[in-house]
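Reader: Hello! I am new to reading protein models, and I would like to go through one step by step. Could you show it to me?

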Amino acid sequence: MKRALVTGITGQDGSFLAEHLIGLGYEVWGLVRRSSDTRSCDRIRELTDGKVKLRYGDMCDSASLHRIVGECKPHEIYNLAAQSHVRISSDIPEYTSTVNGTGVISLLEAVRNLAPEARFYQASTSELFGSSPPPQNEETVMHPRSPYGVAKLHGYWSVINMRESYGMFASNGILFNHESERRGENFVTRKITRAVARIKLGKQSSLELGNMDALRDWGHAKDYVAGMHLILQHDRPDDFVLATGIARSVREFVETAFAHVGIDIESNGKFTIDEVYHRVDTGDPIITINEAFYRPAEVDYLCGDASKAKELLGWSPQVTFEQLVEKMVVSDLNLEG
Ligand code: NDP
Ligand code: GDR
């Protein structure tokens, strides 16, 4: 039986990946960090009943990474652990750098010393491209725009360096935004769908957002974790973009989500921080802009070209933008109802 070690198993992707690997017959191990309550394991609650082996550790504690790799002796390692919030990375840049950059080196060193034949997947990101114009693919110049992106670039190159220096099977998945019903509540898509559900149910009246005109290439996380697995099944280590190839603005996400629950909204057309959307039925403000949600440097336009993954791995996403928004809104209506 193949053993896989997943860091970040309690996160959105980690939970879907663990389920996917168990479905494929893997023995799944997960690294969890100590938390003051047990809610951090909510996404993997159903797996904690013996389906996964969990071990305490932290990306900032290299001894714990060595211990877990030595005990598990994995065939495959998926490094998904990260301080994954781009805007918050500007508030905690050093910590973000340690977890998302140095932490990758610590884990790679543990693998090189204790499981050198293992295959290593690194959760790299479209944020690496930053200000490079779309469509972005594996050849696009990288120009990150946040401490998060800079730290992830460190991780990205560490993987390539291990491959070139020691022949390790280490690959980067350069994944564009992927969302789901399990998305953290302070990422924009989930923030929107949760608010739309609460507004529909009369539990909230309005929502504050930041930049409505950023464009993102949004897919569903389930499709992307399947791609992570395929990247490690390829005949050689390599780097792959996973994306849908279609970009939508935050504004389009908002409008699609409200349309789904039958609430008509209209903008005052200011397209600045003075923009306000009103409910058509009551005239009440429903979306206002708060500068606090803007980033020091924005990534304006991400739209990926995943031709390489399609050709070499046979990967393509199945869930459309409209289906993604619908799934998230319906799930939040159920959770809030
Ligand atoms: P989440 O924020 O949902 O999950 C992050 C995971 O990392 C959680 O399990 C968290 O644990 C864990 N973690 C954070 N800090 C540490 C630490 N110091 N030591 C150990 N574990 C830690 O992220 P996603 O699931 O959305 O993303 C998974 C990975 O993919 C991340 O690396 C992210 O940067 C990257 N990525 C995500 C994309 C997306 O659109 N979702 C796109 C491209 C890349 P805890 O539960 O305790 O907080
Ligand atoms: P992103 O996701 O930065 O792309 O990183 P996020 O959902 O945080 O932002 C997407 C875009 O929405 C704009 N925005 C807001 N964002 C948040 N969080 N909250 C708001 O109120 C808001 N209003 C507008 C942002 O400015 C941005 O342009 C995600 C993470 O999962 C990373 O870990 C991953 O690497 C990238 O996707 C690919």
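This is a predicted model: local features need pLDDT of at least 70, side-chain atom pairs count only at pLDDT 80 or more; totals for chains, interfaces and linings use all residues.

Reader: Which word describes how α5 and α9 lie to each other?

Author: Helices (H or I, at least four residues) and strands (E, at least two) are DSSP runs, numbered from the N terminus. Axes are lines fitted to C-alpha atoms, for helices over the stretch in contact, and angles run from 0 to 180 degrees between N-to-C directions. The axes of α5 (residues 188–200) and α9 (residues 321–336) come within 8 Å and cross at roughly 50 degrees. The two helices are therefore oblique.

Reader: How many residues of the contact of α5 with α9 are charged?

Author: Contact means heavy atoms within 4.5 Å, and on the α5 side it includes R190, R194 and K200, while D332 and E336 are among the α9 residues. Ala, Val, Leu, Ile, Met, Phe, Trp, Tyr, Cys and Pro count as nonpolar, Asp, Glu, Lys and Arg as charged, and the others, Gly among them, as polar. The contact divides into 7 nonpolar and 2 polar residues, and the charged ones number 6.

Reader: What is the order of the strands in the open sheet of 7 strands?

Author: Two strands pair if DSSP finds at least two bridges between them. The pairing in this sheet is parallel, and the order is β3-β2-β1-β4-β5-β6-β11. Each edge strand pairs on one side only, and these edges are β3 (52–56) and β11.

Reader: How many residues of β2 are buried?

Author: Strand β2 is joined to β1 (residues 3–7) by 5 bridges, and another 5 bridges join β2 to β3. Buried means under 20% relative accessible area, exposed over 50%, partly exposed in between (1.4 Å probe, protein chains only). Strand β2 (residues 27–32) is largely enclosed by the rest of the structure, because the buried share of its 6 residues is 5.

Reader: Which residue is the bridge partner of V28 in β3?

Author: Strands β2 and β3 run parallel. The partner of V28 in β3 is V52.

Reader: At about what angle does α1 run to β1?

Author: Helix α1 (residues 12–23) lies across β1, β2, β3 and β4 (76–79). Its angle to β1 is about 175 degrees.

Reader: Which are the edge strands of the open sheet of 4 strands?

Author: The order here is β8-β15-β14-β13, with mixed pairing. An edge strand in this sheet pairs on one side only, and the two are β8 (207–209) and β13 (265–267).

Reader: In which sense do β13 and β14 pair?

Author: Strand β14 covers residues 276–279, and its Y277 is the bridge partner of S267. Over 3 bridges, the two strands pair in the sense called antiparallel.

Reader: Is P237 buried or partly exposed?

Author: P237 lies in the loop between α6 (221–233) and β11 (239–242). Not counting residues up to four places away in sequence, P237 touches R163, M168, F169, A170 and S171. With a relative accessible area of 22%, P237 is partly exposed.

Definitions and conventions: Residues are numbered from 1 along each chain as its sequence is written. Chains are lettered from A and ligands numbered from 1 in the order in which they are written. Side-chain values use heavy atoms; hydrogens and water are left out. Angles under 35 degrees count as roughly parallel, over 145 as roughly antiparallel, 65 to 115 as roughly perpendicular and the rest as oblique.
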